[in-house]
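Biologist: Could you put the model up so that we can go through it together? I'd like to hop between topics as we look.

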Amino acid sequence: MATILIHADAKAAENATAKRLLDKIATKPDATLGLATGGTMEQVYAILIEKARELNLSFAGLKSFNLDEYIGLSADHPQSYRTYMNKLLFDHVDIKPENTHLPRGDAADPAEEARRYEAMITEQGGIDLQLLGIGINGHIGFNEPSSSLGSRTRIKKLAISTMEANRRFFKPDEAVPTHALTMGIATIMQARKVILLATGAAKADAIAAALEGPVSTACPASVLQFHPDVTVIIDEDAASKLKLRDFYESIHPGGEEVYFVK
Ligand code: PGA
């Protein structure tokens with residue numbers, strides 16, 4: 001079973017997520033991180049920057065691969081995920097820009113770009129720690145419902161609910177991208193460790209389906225039930241539809257990981 005950590009509020013869940021990233025950077029300074037974007041991660045990166053400064057932790061040996069990028073947006077487009085990552089994390093730490101990777105949204109041949117990206121992850125030794133959010137429809141990366149559980153990095157059409165959720169990041173007269181390049185579900189499953197963070201009541205149905213529903217392409221995150229090392233960090237609102245919530249809380253009271261053998 002996944003380790004399911006239910007924290008009192010979003011702030012505590014974000015802190016717990018940032019702490020695990022800091023631990024990974026401290027114990028493996030040349031780690032390869034799989035990074036995510038979205039509203040949920042904004043505070044995680046803010047905490048990460050602040051704490052890394054306090055701890056004098058260097059990112060210089062790290063490599064990173066982001067989950068996805070919008071097709072049609074160049075790296076310098078204000079709403080590209082490259083811009084998001086630069087603004088919210090990379091510009092504030094000493095990670096080497098050439099070690100940070102996202103699919104190129106404006107590649108002339110997006111299918112070829114997907115193959116290149118997938119090959120690069122493998123060539124560089126795979127991902128040590130993959131950070132994930134979850135969509136209200138259960139997507140991870142931009143693997144929308146019906147995505148093959150064996151998929152690799154490729155072009156995906158965005159679900160209508162995803163485009164609606166993303167609209168808030170774009171100007172009212174701006175078109176929201178309809179397609180993305182995203183790591184596949186099998187790409188994500190190959191990461192050696194996965195941390196999924198979800199906060200807020202809007203994610204409660206997706207979290208219940210992912211953790212307690214059948215493994216199904218109807219909820220792509222449910223495939224994580226097969227991953228050997230997943231930590232799910234959620235707040236009480238996102239946990240509110242879990243049937244076995246009391247059980248999870250009895251194992252990890254207050255979201256703390258309890259070790260029976262010290
Ligand atoms: P959000 O996106 O953090 O903006 O809710 C999460 C996701 O779609 O994976």
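**Rings, helices and a sheet**

Biologist: Y117 first: buried or exposed?
Modeller: Y117 counts as buried, since its relative accessibility is 0%; here buried means under 20% relative accessible area, exposed over 50%, and partly exposed in between, with a 1.4 Å probe and protein chains only. This is a predicted model, in which local features need pLDDT of at least 70 and side-chain atom pairs count only at pLDDT 80 or more, while totals for chains, interfaces and linings use all residues. Residues are numbered from 1 along each chain as its sequence is written, and side-chain values use heavy atoms, with hydrogens and water left out.

Biologist: Okay, and how many aromatic pairs are there?
Modeller: The count comes to 8 aromatic pairs, where rings of Phe, Tyr and Trp (its six-membered ring) pair if their centres lie within 6.5 Å, and planes under 30 degrees apart count as stacked, over 60 as edge-to-face and the rest as tilted. One of them joins F65 and Y117, whose ring centres are 5.7 Å apart with the planes at 75°, so the pair is edge-to-face.

Biologist: Which parts of the chain does that pair link?
Modeller: It links distant parts: F65 sits in strand β3 (residues 63–66) and Y117 in helix α4 (residues 110–123), 52 residues apart. Helices (H or I, at least four residues) and strands (E, at least two) are DSSP runs, numbered from the N terminus. F65 is buried as well, at a relative accessible area of 0%.

Biologist: What about Y81 and Y84, what is their geometry?
Modeller: Y81 and Y84 also form an edge-to-face aromatic pair, at 6.4 Å centre to centre and with 75° between the planes. Both lie in helix α3, 3 residues apart, which is about one turn of the helix. Y81 counts as buried at 9% relative accessibility, and Y84 counts as buried at 12%.

Biologist: Which residues do the ring pairs link into a cluster?
Modeller: The cluster is made of Y45, Y70, Y81, Y84, F142 and F170.

Biologist: Staying with α3, which of its residues are buried, and what do they pack against?
Modeller: The buried residues of α3 are Y81, R82, T83, Y84 and M85. They pack against β2 (32–35), α2, β3, β4, β5 (100–101) and α5 (160–166), and contact here means heavy atoms within 4.5 Å.

Biologist: At what angle do the axes of α2 and α3 cross?
Modeller: The axes of α2 (residues 39–55) and α3 (residues 81–88) cross at roughly 35° and come within 10 Å. Axes are lines fitted to C-alpha atoms, for helices over the stretch in contact, and angles run from 0 to 180 degrees between N-to-C directions. From α2 the contact is made by M41, E42, Y45 and I49, and from α3 by Y84, M85 and L88. The residues of this contact divide into 6 nonpolar, no polar and 1 charged, where Ala, Val, Leu, Ile, Met, Phe, Trp, Tyr, Cys and Pro count as nonpolar, Asp, Glu, Lys and Arg as charged, and the others, Gly among them, as polar.

Biologist: Switching to the sheet: what order do the 3 strands have?
Modeller: The order in this open sheet is β4-β8-β7, with antiparallel pairing, and two strands pair if DSSP finds at least two bridges between them. The edge strands, each pairing on one side only, are β4 (68–70) and β7 (154–157). On average, neighbouring strands of the sheet are turned by 30° against each other, direction ignored.

Biologist: How many bridges join β7 to β8, and how many join β4 to β8?
Modeller: For β7 and β8 (residues 179–182) there are 4 bridges, and for β4 and β8 there are 3. Y70 stands opposite A180 in β8, K157 stands opposite H179, and R154 has T182 as its bridge partner.

Biologist: Backbone now: where is N56, and what is its phi?
Modeller: N56 is in the loop between α2 and β3, with a positive phi near 55° although the residue is not glycine. Most residues other than glycine have a negative phi. N56 counts as exposed at 72% relative accessibility.

Biologist: And where is S146 found?
Modeller: S146 is in the loop between β6 (129–132) and β7; its phi is positive too, at about 90°, and the residue is exposed, with a relative accessible area of 58%.
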